[in-house]
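Here are my notes, as promised, in the order I'd walk through them on screen. Have the viewer open while you read.

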Amino acid sequence: MSFKITQRMIAACEYKDFIPPDEWALKYYHFDKTSAVGVGKFNFKHAPHQKLPLHYIGKNEVREITLWVASQTGKTTIAMIALNWYMDNRGGNAMFFLPSDELVNSTATNRILPAIAKTPNAQSLIAEKKERGLRENTKDIRYLGGSVRVLSSTKSANRKSTPAAFIIMDEISEMKHEHVMEISERAKTYEQYGAKIIKTSTAMHDDDPIVFAYEASEVKFEYSLKCPYCSKSHIDNFLENIRYPNIDEFDLENEKTPRLKLAAYAQLASKSAKYECPHCKKLWDDKDKDNAIDAGAWVRTSSVDTGRSVGFKASSFISKFVSIAELTRQFLLCDNDEQKAAFYRGWLNQIYTPEIKTTPLSELEKLRNKELNQNKIPDDTVGLFGAIDVQKDHYYYLVMAVDSKLNRHIVDCGRFNSDVELINFVASVGFFRKSDNSEKEPVFIECFAIDSGFKTDEIYQLCYNLNHFFDDYSPQKERILANRQGELITAIPIKGASTNNSNTTGDLGRIVSIDKDINGKAFEGGLSLHVINTYLCKDTLMTHLDNQINDKDAERLQVYHKAPESLLKSLVSEHKVQVKSTSGKVIFAYEPISAHPFNHYLDCATYCYYLIARFNVRFRASAYAISMSNNSVSNKDKTSKTRDYLDEF
C-alpha cells in the first residue's frame with residue numbers, strides 16, 4: 001500500500017510541460033455518463049464554441065473569465081475542464097462557490113468528483129476522512145498538491161476564508177453583488193502568481209452580477225453563426241428570425257381547455273418551425289443550424305482586443321443539443337410573463353422585460369357588454385359579490401357577477417359619501433337577471449369584502465355590525481329581511497398581504513381570527529380578517545381583461561353598458577413589472593403606472609376575484625351545466641318545478 005502511495009506522490013510531483021486548457025481537454029478530459037455526448041474522450045466536435053473560452057482561461061495575462069451563456073451551452077463542462085486543468089498543471093487551493101447551502105454536497109458528489117475521476121487527477125485524490133470541523137455548507141476535495149473547497153456563498157465565513165489562486169463562481173445571478181465582490185477578494189493574494197476567477201450564469205435581471213461582470217469585461221465576445229447558403233455571419237436572434245405556422249392552420253377544436261389547446265399548438269407548430277437567415281432569407285433546419293455553428297466563430301464586440309478580464313455571451317441556439325423545434329415549442333408554451341422570463345433567461349440568454357403599454361380608451365371600450373345594463377346580472381349568474389374600498393371620508397364600491405361560463409361581469413360601481421349610504425346599499429339593494437320581469441325576486445350580494453387597510457378597527461366593527469344587522473328587531477329591518485327572502489348579510493374585512501408578487505402565486509391568502517374590538521371586547525360569534533395575495537387576483541383579472549379586448553376564447557371580464565370611463569381607466573391603472581427580491585430572485589409585481597393613480601375600482605375588482613376563488617364558484621358553474629343538461633332531458637315533465645339556481649347556495 002505504501003509503495004502505491006509513493007508512486008502516486010512521485011507522479012503528482014512530476015514536472016509537466018504547460019499546455020493551455022483547450023489542448024489539455026483534448027488530451028486528458030473524458031465525458032462521463034451524464035454527458036449528452038455519451039461516455040468517451042472529449043472533443044470540440046459537438047461544441048466548437050467551448051474552445052476559445054478555455055484558451056483564454058490558460059492565458060497568463062487573463063485574470064477573470066465571465067461566461068454569460070444559456071442552458072445547454074456547456075458552461076459546466078468548461079468549468080470542470082478548467083478546474084481539472086488547474087489541478088493537473090498548477091496545483092494549489094481552489095474554491096468552487098455556489099449560491100445556496102443545498103447545492104454544496106450534490107455538486108461536489110455528482111459533478112466535481114465524477115469529472116475528476118475521468119482525468120489524471122483521479123490518481124492524486126486523497127481518500128476522504130471525516131470532515132475536520134467543516135461546516136455543512138462546505139465540502140473539501142483533497143488531492144496531492146492542494147484541495148478543492150466547495151462552498152456556499154451565503155455564509156460570511158466562507159466568503160472571507162482562506163485565499164485561493166483559482167476560484168469558480170457558479171450561477172452568480174443568484175448571489176448578491178457584495179458577496180461576489182467579497183469572494184473575488186480571495187484571489188488577491190495570488191494576483192502576481194496567475195490567479196484565476198471564473199464566473200458563470202444565466203441572467204435573471206439587468207442588475208445581476210453576471211450582467212455586471214460581462215459588461216465590465218475589457219474584452220467581450222459573442223458567438224456569430226455563418227449561413228451555409230450565403231456565407232454571411234450574424235449573431236442569432238431567435239425571436240426575430242423563427243418562422244412557424246399560425247394557430248389558425250390547425251384544427252384544435254377537440255382540445256377542452258385553453259391550456260391544452262396551447263400545448264397541442266406548440267407541439268404541432270414546432271415540428272415545421274424553421275430559422276430564417278436575416279441576410280438571404282433561406283430557412284434553416286437543424287442540419288443547417290449545425291453547419292452554421294461549425295462555420296461560425298466568436299466575434300469580438302469590444303473596442304479592445306486584450307485585457308485582464310474577458311467575457312463570453314451566447315444563447316442556447318448555438319448548442320447542437322437544442323433543436324429548432326424544441327426552442328420553438330418552449331417559446332410557444334409561454335403564456336404569461338413568468339414563463340416568458342424563464343424562457344428568455346434559460347434559452348435566449350436575454351432579460352425579459354414585460355411590455356409596458358397604456359391601453360387606449362378605444363380598446364377599453366371593448367370591455368362593455370351592450371346587452372347588460374346597470375344593476376342587471378346575466379341570466380345564468382352563479383355568483384354575485386361586492387367589494388368596498390375605504391377612503392378618508394368616503395367609499396368606492398363595485399359589484400361583480402359570475403356567469404356559468406365563468407365570465408366576470410361588473411354590474412355596478414360607484415361612491416358612498418357616508419356610512420348610512422353604505423349600509424342602505426348593502427342591506428337593501430338587490431339585482432335582477434337580464435330577462436327578469438318586475439314580478440321576479442331580486443338576487444342579493446352573497447358576500448361583501450371591505451378594505452381594512454385604512455380605519456382598521458372601524459372597519460372590523462362595521463363588518464361585525466353588518467353580519468349581525470338583523471339581530472335586533474325593528475319593523476324596518478323586518479321588511480328588509482322579508483325583501484331579502486330571509487338572506488342575512490355577510491361582510492368580511494380584507495387587506496392585501498405585505499408580500500404580493502409572483503413568488504407567492506400558489507397561495508390565495510390566509511384567514512386570521514380577530515379576537516377583540518376597538519374597546520377590547522370580544523366579537524361574539526367571531527370575526528375573521530382575510531389577508532389576500534393581490535398579485536394572484538390581479539394577474540387573473542388582467543388575463544380576463546386581455547381575453548375580452550382581444551376576443552379570445554377563454555374566461556373574460558366585462559362591464560355594464562353605461563359604465564363610467566373612470567371604471568375602465570381604473571382597471572388598467574397598474575401594470576406588471578419585473579423586480580429583484582432581497583434574496584436575488586427575479587419576481588413580478590403589480591405597481592401603479594402613475595404617481596397618484598385612481599385605482600380604487602381595480603382594488604374592489606381584485607377583492608371580488610378573491611371572493612370568487614374563495615367561494616369556489618368554479619364548481620357552481622359545473623353544477624349549473626349539469627343541471628341545465630338534466631332539465632333539457634326532463635323537459636317533457638310538465639309537473640317539474642322551476643327553481644332559481646342560486647337557491648341551492
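1. Which residue has its charged end over the ring of Phe317? That's Lys289, sitting 5.3 Å from the ring centre. Keep in mind that we're looking at a predicted model. There's a second case of this kind: Lys59 lies over the face of Tyr56, also listed at 5.3 Å from the ring centre.

2. A search of the whole structure turns up 29 aromatic pairs, and one of them joins Phe317 to Tyr275. The geometry is tilted, with 4.4 Å centre to centre and 40° between the planes. Tyr275 belongs to strand β12, while Phe317 is in the loop between β15 (309-314) and α12 (324-332), so the pair ties together parts that are 42 residues apart in sequence. Both Tyr275 and Phe317 are buried.

3. Another tilted pair is Tyr397 with Phe425, at 4.6 Å centre to centre and 45° between the planes. This one also links distant parts of the chain: Tyr397 comes from strand β19 (residues 395-402) and Phe425 from helix α15 (residues 419-428), 28 residues apart. Tyr397 counts as buried because its relative accessibility is 10%, against a cut-off of under 20%. Phe425 is buried as well, at 10% relative accessibility.

4. Ring pairs link Tyr56 with Phe221, Tyr223, Trp298 and Phe312 in a cluster.

5. Back to β12 (residues 274-276), for its sheet. This is an open sheet of three strands, ordered β11-β12-β13, with antiparallel pairing. The edges are β11 (242-243) and β13 (283-284); each has a single partner strand, so one side of each is left without a neighbour in the sheet. Between β12 and β13 there are two bridges, in the antiparallel sense. Glu276 stands opposite Leu283 in β13.

6. Last stop: Ser270, in helix α10 (residues 258-271). Is Ser270 buried or exposed? Buried, because its relative accessibility is 4%. A polar atom of the Ser270 side chain lies 3.1 Å from the backbone oxygen of Gln267. Leaving aside residues up to four places away in sequence, Ser270 touches Tyr265, Ala325, Thr328 and Arg329.

How values were computed
Residues are numbered from 1 along each chain as its sequence is written. This is a predicted model: local features need pLDDT of at least 70, side-chain atom pairs count only at pLDDT 80 or more; totals for chains, interfaces and linings use all residues. Side-chain values use heavy atoms; hydrogens and water are left out. Two strands pair if DSSP finds at least two bridges between them. Helices (H or I, at least four residues) and strands (E, at least two) are DSSP runs, numbered from the N terminus. Rings of Phe, Tyr and Trp (its six-membered ring) pair if their centres lie within 6.5 Å; planes under 30 degrees apart count as stacked, over 60 as edge-to-face and the rest as tilted. Buried means under 20% relative accessible area, exposed over 50%, partly exposed in between (1.4 Å probe, protein chains only). A charge sits over a ring if NZ of Lys or CZ of Arg is within 6 Å of the ring centre and within 35 degrees of the ring normal. A polar contact is a pair of N or O atoms within 3.5 Å; within protein, one must be able to donate a hydrogen and the other to accept it, and residues adjacent in sequence count only if both atoms are side-chain atoms. Contact means heavy atoms within 4.5 Å.
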